[in-house]
Amino acid sequence: MGNITRRTFLRLTTLTVAGMSLKAPLLAELQFVPEIDNPLDFYPDRDWEKIYRSQFKVDYTFHFLCAPNDTHNCLLRAYVKNEVITRIGPSYGYGKAKDLYGNQASARWEPRLCNKGLALNRRVYGSRRVKYPMVREGFKRWADAGFPRASNGRPPKRYFNRGKEAFLRVSWDELFSLAAKALINIATTYSGSKGKKLLERQGYEPETLEAMNGAGTQTLKFRGGMPLLGITRVFGMYRLANLMALLDDRIRNVGPEKALGGRGFDNYSWHTDLPPGHPMVTGQQTIDFDLVCAEKAKLIVPWGMNWISTKMPDSHWLTEARAKGSKVISVTVEYSSVASKSDEVI
């Protein structure tokens, strides 16, 4: 302060008072805000909430049977906005179902949905989705060359480099023609005594050849991928296999009574993520059996079946059964997710 003169001090004081008088109206606006219990009732403008609500607002919904990789065929609901499926959720409709006798279904089946179903819209709009008919390049060259074969009946290896060659886009008519020609060629090649000798050179067991009864159509093995099995409700591929009897009759001219169709490969004989013991004993593929029965069992033996991972919508029946006192002994080649829920593991 020793360096400030009296004149300078008075000038600064005057400026400060003048400044405060100018700001007085502004300072008057800064009033104390009392405590508010619900800020949303007090907040003057809530239009910002529309942004968040519009994220889940959709134009319409529809129901569909889901089969991304399994045969569950869960009834799900798709939510659509701007003609794009934005999310997928459970339908919550199982508890409303009734059978022909009026028996009401249990709502305990809900929610019928797994992680694969939740993410199915990613597959629908994924870059690897097949949007038009395609055929493997080598197979098409084999067909265009007239289906050449080696002395044992096998096609030359140069035509079958699966995973190492491109797919070619073709028309639907060309695709159907290629499929039909291939079925005719395979069934004709392996029919009769000549076809039997070719299969012997390829290492087919004598019992298998006897069961074929000279029908080349018996070498045709039909099994759709999981999504196709779901769309056709499991049985479509077997019906197609049976229809090959028409081709056998045309090739061997044996009449409808002796004509034989193709072979149907199911989920048990091919990759077996289902309970193989059931069809072995009953001859049926899990048609008259539901995993819900587990809660009434005292002992459950999941054998060759990773129930928790491959039957996710039904996994709760196993964990609930165990909570009720059921003993679980799993037979597995690894420490699977079912093994982690078992009392004993073999």
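**View 1. Glu49 and Arg53, four residues apart in helix α3 (residues 49-54), are separated by about one helical turn.** Helices here are DSSP runs of H or I with at least four residues and strands are runs of E with at least two, both numbered from the N terminus. The model is predicted, so that local features need pLDDT of at least 70 and side-chain atom pairs count only at pLDDT 80 or more, while totals for chains, interfaces and linings use all residues. Residues are numbered from 1 along each chain as its sequence is written, and side-chain values use heavy atoms, with hydrogens and water left out. Glu49 forms a salt bridge with Arg53, the closest N and O atoms being 3.2 Å apart; a salt bridge is taken as a side-chain nitrogen of Lys or Arg within 4 Å of a carboxyl oxygen of Asp or Glu. Glu49 is buried, at a relative accessible area of 9%, whereas Arg53 is exposed, at 58% (buried means under 20% relative accessible area, exposed over 50%, and partly exposed in between, with a 1.4 Å probe and protein chains only). An α-helix has 3.6 residues a turn, so residues three or four places apart point the same way.

**View 2. Arg108, Glu295, Glu320 and Lys324 are linked in a network of salt bridges.** Glu295 lies in the loop between α12 (277-282) and β8, and Arg108 in the loop between β3 (84-90) and α4 (115-118), so the pair ties together parts that are 187 residues apart in sequence. Glu295 counts as buried at 16% relative accessibility, while Arg108, at 36%, counts as partly exposed. Lys324 counts as exposed, at 54% relative accessibility. A search of the whole structure finds 13 salt bridges.

**View 3. The largest nonpolar core has 12 residues in all, among them Trp109, Leu291, Met305 and Trp317.** A nonpolar core is a set of buried Ala, Val, Leu, Ile, Met, Phe, Trp, Tyr and Cys residues joined through side-chain atoms within 4.5 Å. Helices α13 (307-310) and α14 (315-323) each supply at least two residues of this core, and α14 gives the most, with three residues. Leaving aside its neighbours within four places in sequence, Leu318 is in contact, meaning heavy atoms within 4.5 Å, with Ile300, Trp307, Ile308, Val328 and Val338.

**View 4. Three strands form an open sheet in the order β8-β9-β10, with parallel pairing.** Two strands are said to pair if DSSP finds at least two bridges between them. Strands β8 (299-300) and β10 (344-345) stand at the edges, each with a single partner strand, so one side of each is left without a neighbour in the sheet. Two bridges join β8 to the parallel strand β9 (residues 327-330), and Leu299 stands opposite Lys327 in β9.

**View 5. Helix α6 (residues 137-144) has the buried residues Gly138, Phe139, Lys140, Trp142 and Ala143.** These buried residues pack against β4 (134-136), β5 (167-169) and α7 (172-189). Just after α6, Gly146 takes a positive phi of about 90 degrees.
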